[in-house]
Amino acid sequence: VIDHLDDLLADSERGRLIREGATVVVHGRPNVGKSSLFNSLVGSDRAIVTAVPGTTRDLITERVDLEGLGITLVDTAGAREAHDVVEQEGVARGEKARAVADLVLVVLDGSEPLTPDDWRILERTGTRNRIVVLNKQDLGPAADVCGAIRVSATRGDGLADLRDAIRRRLTVGEPLRDTASISNMRHIALVREARGHLIASRNAADSGRPEEFVLTDLQAARMRFDEVVGRRTPDDVLAHIFERFCIGK
């Protein structure tokens, strides 16, 4: 049963992506081609591209459809020590965007050896859901990172592979479906609670605790399932109302 609940909760996450979309942040030090890659994925010159490092000083967002998956793509200011107040704010906003992103595209200049800033970025994002992108392959490969995707944002080389990798990383390799088994946030929370009670009940049984402990968690799990499917007694409904509202005489 617990394995089935795990599958159901995983399916609910795919349902969230269908309903709300995903946030994908483009991250890297200045002048590695973040904005060029952003424009290539968007399909238009949305972000300004120059040879001057630090051109992007604020968040630039664009909605992109990726094989049925709605993505909010976010271009951020280059990660470096800021030189003025405006750039400081842009870098700070980029940090906040990365903190809540579903996926981070770490962009490196693959035409030159990695710099200390590159290694710091790789270390900071090591625990995040990320894809490492070695850009500027049209200038000749000079850097290598295990598992990275090689692209040329200006020529379009490797972009199809990158789009496929983004979709797979966000959907754990599974095809998107039109609807998920559960997508209501309250129902998802109830299923998570039921799963927790079932695990507690199983642990109590395995440890030889009195059956009252096992039955208490089983009953709590059943109540959560009853709420999900709508099987609730009048007493349950009244208790639910009094828990959440202050009703005067």
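**Entry 1: the model and its elements.** I am working from a predicted model. I looked up the secondary structure and found eight helices and six strands in the chain. Read from the N terminus, the elements follow the order α-β-α-β-β-α-β-α-β-β-α-α-α-α. I noted that 40% of the 249 residues count as buried. I then looked at contacts between residues at least 6 apart in sequence, and 64% of these join residues at least 24 apart.

**Entry 2: the sheet.** I traced the strand order as S2-S3-S1-S4-S5-S6, an open sheet of six strands with mixed pairing. Strands S2 (60-66) and S6 (149-150) are at the edges; each has a single partner strand, so one side of each has no neighbour in the sheet.

Entry 3: Helix H2 (residues 34-42) does, with contacts to S1 (22-27), S2, S3 (69-75), S4 and S5. The direction of H2 makes about 155° with that of S3. Helix H5 (residues 159-171) also packs on the sheet and touches S1, S2, S3, S4, S5 and S6. For H5 I noted an angle of about 170° with the direction of S5.

**Entry 4: H2 against H5.** How do these two helices pack on each other? I read an angle of about 80° and axes 11 Å apart. Angles of 65 to 115 degrees count as roughly perpendicular, and H2 and H5 are therefore roughly perpendicular to each other. H2 brings Leu37, Ser40 and Leu41 to the contact, and H5 brings Leu159, Leu162 and Arg163. I sorted the residues of this contact into four nonpolar, one polar and one charged.

**Entry 5: the cores.** I looked up the largest nonpolar core and found 26 residues in it. Val24, Leu37, Leu105, Ile131, Leu162, Ile166 and Leu170 have the most contacts inside this core. S1, H2, S2, S3, S4, S5 and H5 each give two or more residues to this core. H5 supplies the largest share, five residues.

Key: Residues are numbered from 1 along each chain as its sequence is written. This is a predicted model: local features need pLDDT of at least 70, side-chain atom pairs count only at pLDDT 80 or more; totals for chains, interfaces and linings use all residues. Side-chain values use heavy atoms; hydrogens and water are left out. Two strands pair if DSSP finds at least two bridges between them. Helices (H or I, at least four residues) and strands (E, at least two) are DSSP runs, numbered from the N terminus. Contact means heavy atoms within 4.5 Å. Axes are lines fitted to C-alpha atoms, for helices over the stretch in contact, and angles run from 0 to 180 degrees between N-to-C directions. A nonpolar core is a set of buried Ala, Val, Leu, Ile, Met, Phe, Trp, Tyr and Cys residues joined through side-chain atoms within 4.5 Å. Buried means under 20% relative accessible area, exposed over 50%, partly exposed in between (1.4 Å probe, protein chains only). Angles under 35 degrees count as roughly parallel, over 145 as roughly antiparallel, 65 to 115 as roughly perpendicular and the rest as oblique. Ala, Val, Leu, Ile, Met, Phe, Trp, Tyr, Cys and Pro count as nonpolar, Asp, Glu, Lys and Arg as charged, and the others, Gly among them, as polar.
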